[in-house]
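Please look over the sequence and the model before reading on.

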Amino acid sequence: MASLPMELCFAASAAPAATGRPKQRSTRCAAGAGTVRCAATAPAPMGEKTEYRDGPLERAFMGLFARKMEKFAGKKKQEKEKAVWEWDYESFVDVSRRVMTGRTRAQQQEAVREVLLSMLPPGAPEQFKKLFPPTRWACEFNAALTVPFFHWLVGPSEVIEVELNGVKQKSGVLIKKCRYLENSGCVGMCVNMCKIPTQNFFTNEFGLPLTMNPNFEDMSCEMIYGQVPPPLEDDPVSKQPCYPNLCSMSTPSAPVCPKLQN
C-alpha cells in the first residue's frame, strides 16, 4: 500500500470532471485542491435519492475501495478493469451488492474487514492505538476527521455533542441521510457491509470504541466514538424489516430482513 498516495494524486490530477447537474434542487458546492464537491442543500425525501456531483478525488476513493472489494465479488463477465477515476457511486454500490450475494452475515463482515485492512500500510492498527488511545480527545478528534474524509461515502454530516458516562463531549457524528443506505436501499447491506464491520474495525483493530445507530425512518445515522457497541442480538437493527419498495433483494413478507438472520 506504499503506492496509495501516488495513486490518489494521479487520480486527482488526471481524472476527467464528472458530468451531469443536479435537477430541481439547489446545490452547495465546495471547491478544494483537485476536487469540486456538490450535494443538495437538504437530503432528498425518503424514496428519492439526493443528487451529488463527485469530483475526481471522490471518484478515486470510490475506485480504490471498489477495486479492493472486487477481489471478493468477482468481475462481471466481459467487463474490463476500470481505472480508479472511472468508477462512480452506483458501480461502487453494485460491487458491495455482489460481495454480499451468496455470503453469510459473518462472511460479509469478514470480507469488509479484510478490505479495510488492505487499504492500510503494515502496522497501521498498532500505530493507531499508540496515537489514539481511547481518550476523550481521541474520540473528538476522530469525529472531526470523519466529517470531511467520509463525505464521499456517507454524504453530508456534522459533529454533534453526545453524553458518555455522564460526560458531554463532541465525539458524535450525525450523518444527515446516509448515501450508502440511500443508494442501496438495503437494510442488510447497511448492517452487514457498513455498520457492524466499521464498529468492529474501530473497536477491535484500532482499540477505539465506536457505535453506529442508523435511523431507518429517515436514513440518518449517528456515530458515537467512545461508546462500546452492543452485541447484534441486543441491537435494535437486528429486528429491522426490509425496505420493500427500495431494495431489489427484499422479502416484503418477512418481519425481519433475511440478510440479518444468516
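A cavity is found on a 1 Å grid over the protein atoms alone, as a set of points where a 1.4 Å probe fits but cannot get out, and its lining residues have an atom within 4 Å of a point. This is a predicted model, where local features need pLDDT of at least 70, side-chain atom pairs count only at pLDDT 80 or more, and totals for chains, interfaces and linings use all residues. Residues are numbered from 1 along each chain as its sequence is written, and side-chain values use heavy atoms, with hydrogens and water left out.

**The cavities**

- Searching the whole structure turns up two cavities of 30 Å³ or more.
- The largest cavity has a volume of about 80 Å³, volume being the space filled by probe spheres set on the grid points, which are joined across faces, edges and corners.
- Among the residues that line the largest cavity are Cys-178, Cys-190, Cys-194, Lys-195 and Cys-221.
- Two or more lining residues come from each of α8 (179–184), α9 (187–205), β6 (210–215) and β7 (220–225); helices (H or I, at least four residues) and strands (E, at least two) are DSSP runs, numbered from the N terminus.
- With three residues, α9 gives the largest share of this lining.
- By class, the lining of the largest cavity has 10 nonpolar, one polar and one charged residues (Ala, Val, Leu, Ile, Met, Phe, Trp, Tyr, Cys and Pro count as nonpolar, Asp, Glu, Lys and Arg as charged, and the others, Gly among them, as polar).

**Helix α2 with helix α3**

- The axes of α2 (residues 56–73) and α3 (residues 89–100) come within 9 Å and cross at roughly 25°; axes are lines fitted to C-alpha atoms, for helices over the stretch in contact, and angles run from 0 to 180 degrees between N-to-C directions.
- That angle makes α2 roughly parallel to α3, because angles under 35 degrees count as roughly parallel, over 145 as roughly antiparallel, 65 to 115 as roughly perpendicular and the rest as oblique.
- Residues in contact (heavy atoms within 4.5 Å) include Met-62 and Phe-65 of α2 and Tyr-89 and Phe-92 of α3.
- This contact of α2 with α3 has 10 nonpolar, one polar and two charged residues.

**Helix α2 with helix α4**

- The axes of α2 and α4 (residues 105–118) come within 10 Å and cross at roughly 135°.
- At that angle, α2 is oblique to α4.
- Phe-65, Lys-68, Met-69 and Phe-72 of α2 make the contact with Ala-111, Glu-114, Val-115, Leu-116 and Ser-118 of α4.
- Six nonpolar, one polar and two charged residues make up the contact of α2 with α4.

Notes
On a 1 Å grid over the protein atoms alone, a cavity is a set of points where a 1.4 Å probe fits but cannot get out, and a pocket is an open set with protein on both sides within 12 Å along at least five of seven lines; lining residues have an atom within 4 Å of a point.
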